[in-house]
Amino acid sequence: MRIKLLLLGMFAVITQTLAQSGYSSHSQLSARLKALPAKSKLASVASIGKSSGGKDIWAVTLAGGDHSKSKAVLIVAGADGKHPAGTEMAVQLAEKLVALPGDSLARLLQNKTLYIIPGLNPDALEQVTARLKYERSGNATTRDDDRDGKTDEDAFEDLNGDGLITSLRVEDPTGTYVISKDDQRVLVKADVAKGENGKYLLLTEGTDNDKDGQFNEDGPGGVNIDKNFTFNYPMFEREAGEYQASEPETRAFLDFLYKNTNIHTVFHFGLSNNLSEATKFDRMNASKRVISGLLEKDAAATDMVSKMYGKAGNTDAPAMAQTPGNLTQTAYYHAGRFSYSTPGWWIPKGKDQKPGGPARKPENTEAEYLKWADARGVNSFVSWTKIEHPDFPGKNVEVGGLMPYALNNPPVQFLDSAVIRHQAFLTDYLNAMPRTELVNSRVESLGNGVNRVTVTVVNRGLLPTYPEIGDRVRYVYKVSCKIRLSSGQTLLSGKQSNYRRAMDAGESEEYSWLISGKGQVTIEGGSPTSGIANLELTLK
């Protein structure tokens with residue numbers, strides 16, 4: 001029996017999937033990123049910190065000049081290690097941008113900067129290319145997940161020797177699962193309301209090493225970075241960390257976000273989705289002392305962005321809720337930036353389903369995925385095989401199920417069309433960004449060496465200068481209009497520095513000063529997230 005299982009395991013390794021093929025290890029990822037500056041003078045790469053396991057967290061900067069002086073978009077991926085597809089899409093996006101012909105990239109990035117952090121959790125992402133593959137969310141921080149005074153004492157075991165950690169199904173009268181009517185390979189929760197009785201226990205592949213009745217609850221893999229952020233932090237929850245922002249990866253990202261005050265928007269390739277279907281305005285949540293819903297103007301802007309995303313071909317994405325302590329919500333509620341998340345790739349809608357419409361809620365995600373995979377020859381399922389299990393003597397126990405990472409991470413070749421769609425969306429978004437300009441300037445001589453100087457600040461972009469919530473937090477610079485005088489000039493009326501709240505698309509405000517003297521005056525208007533415009537005027 002043991003020899004038979006080993007042979008089955010070897011066969012599975014040899015034929016093992018396209019489901020993990022093509023994804024980069026950290027060293028391969030590093031090499032790909034370091035190659036970008038040689039392909040474009042607009043690209044630079046730097047480490048913004050180290051992971052818990054000592055790996056570099058890379059940031060790509062694409063900019064035509066001083067990146068800090070241009071409004072910016074930040075793309076981040078790989079916060080949850082279970083989603084290597086997000087990292088791959090972010091890297092491919094950078095590679096496609098630097099490969100644009102001629103001065104196309106320079107034109108796209110005129111007065112704009114693009115930052116890309118493709119692998120925020122490199123320790124976890126390394127698991128996808130490891131010899132033993134299992135879905136790992138957490139970094140290299142050692143944790144006692146089951147609070148029994150020991151660490152990593154109940155890890156996964158590869159019971160069938162195929163190099164993959166899948167699932168166990170155990171026939172048991174206390175089980176709560178039944179075989180799916182959509183696909184005989186899949187188990188689903190028994191629906192008691194329909195008179196169904198459970199037949200199977202569904203567990204992760206392995207044994208109960210510490211005999212506490214739980215399987216594989218304390219193995220390698222520490223903190224999931226996408227649960228370690230500051231907004232709505234899930235205290236005491238598994239993989240969330242000892243406290244909010246406890247991990248070096250989390251702090252490296254937050255330091256980068258807060259330091260670069262020019263970042264207008266954060267796009268996160270992750271396992272949540274508020275981009276294909278805009279979050280609705282909820283007055284009750286938006287009015288709480290601790291705000292937990294989009295403010296009204298931000299909800300309107302988000303709706304416009306969601307429609308832009310759909311027009312770029314990104315339709316029919318699944319509904320994926322925001323989770324406590326995640327990156328996307330922290331970037332909005334605590335850092336005051338527009339913040340969106342998307343898985344980037346999802347199972348395309350079937351021919352029998354109508355295109356468009358709101359985000360989907362599949363009834364059986366695994367069955368839907370397997371139907372897609374089977375049609376394309378993607379081997380991503382380990383057939384159920386009976387084994388003898390020490391924790392279930394005399395019971396019918398089988399090992400098998402979906403291969404690790406398969407559900408949200410297709411073979412890399414299937415990501416190309418999704419990357420192209422997201423590149424189109426990114427281009428539209430960059431062109432829609434706010435653009436503050438100084439217009440309708442006038443200098444009027446009032447006699448006796450006194451001049452009235454008037455100028456209007458206007459947002460010529462399609463998006464606000466920054467989110468409405470930015471005026472509630474202390475990390476977003478307000479829109480300003482400042483006048484600088486030359487030697488021998490005196491400001492008689494008007495504030496030298498004027499500040500105001502976020503400026504909506506098309507909104508404008510006029511400023512006026514009375515100045516005594518002659519020579520040049522310089523006016524500066526705008527904000528780091530919308531661009532700073534400068535104007536020189538000569539007094540009469």
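Predicted model: local features only at pLDDT ≥ 70, side-chain atom pairs only at ≥ 80, totals over all residues.
Two strands count as paired if DSSP finds at least two bridges between them. The chain has 540 residues, of which 54% count as buried. Its secondary structure comes to 12 helices and 20 strands.

On one side of the count, β9 pairs with strand β10 (residues 338-342) in the parallel sense, over 5 bridges. Within this pairing, His 268 stands opposite Ser 341 in β10. Strand β9 also pairs with strand β3 (residues 71-77), again in the parallel sense, over 6 bridges. Here Val 73 stands opposite Thr 265 in β9. Strands of a sheet pair through backbone hydrogen bonds, either parallel or antiparallel.

An open sheet of 4 strands runs in the order β17-β15-β19-β20, with antiparallel pairing. Its edge strands are β17 (497-500) and β20 (531-539), each of which pairs on one side only. From one strand to the next, the twist averages 15 degrees. Inside this sheet, strand β15 (residues 479-484) and strand β19 (residues 519-527) pair in the antiparallel sense over 5 bridges. Arg 484 stands opposite Thr 522 in β19.

Helix α9 covers residues 296-311, and helix α12 covers residues 416-432. The axes of α9 and α12 come within 9 Å and cross at roughly 140 degrees. The crossing of α9 past α12 is right-handed. On the α9 side, Val 305, Met 308 and Tyr 309 make the contact. On the α12 side, the residues are His 422, Phe 425, Asp 428, Tyr 429 and Ala 432.

Gln 92 lies in helix α4, residues 84-98. Is Gln 92 buried or exposed? Its relative accessible area is 10%, and because buried means under 20%, Gln 92 counts as buried. Leaving aside residues up to four places away in sequence, Gln 92 touches Arg 32, Val 412, Asp 416 and Val 419.

Side chains also meet through salt bridges, and the structure holds 25 of them. One of these joins Lys 395 and Asp 172, with the closest N and O atoms 3.1 Å apart. Where do the two partners lie? Lys 395 is in the loop between β11 (381-387) and β12 (397-402), and Asp 172 is in the loop between β5 (167-171) and β6 (177-179), so the pair ties together parts that are 223 residues apart in sequence. Lys 395 is partly exposed, with a relative accessible area of 32%, whereas Asp 172 is buried, at 11%.

The side chains of Glu 296 and Arg 283 meet with an N to O distance of 3.8 Å. Glu 296 lies in α9 and Arg 283 in helix α8 (residues 283-286), so this pair ties together parts that are 13 residues apart in sequence. Glu 296 counts as partly exposed, at 45% relative accessibility, while Arg 283 counts as exposed, at 52%.

Another salt bridge links Lys 194 and Asp 191, whose closest N and O atoms are 4.0 Å apart. Lys 194 is exposed, with a relative accessible area of 68%, and Asp 191 is partly exposed, at 27%. Salt bridges can also join into a network, as they do among Arg 500, Arg 501, Glu 507 and Glu 509.

Notes:
Residues numbered from 1 in each chain as written. Heavy atoms only, no water. Helix = DSSP H or I, 4+ residues; strand = E, 2+ residues; numbered from the N terminus. Buried < 20%, exposed > 50% of the residue type's maximum accessible area, 1.4 Å probe, protein only. Axes fitted to C-alpha atoms, helices over the stretch in contact; angles between N-to-C directions. Left-handed = near helix turned anticlockwise from the far one by under 90°. Contact = heavy atoms within 4.5 Å.
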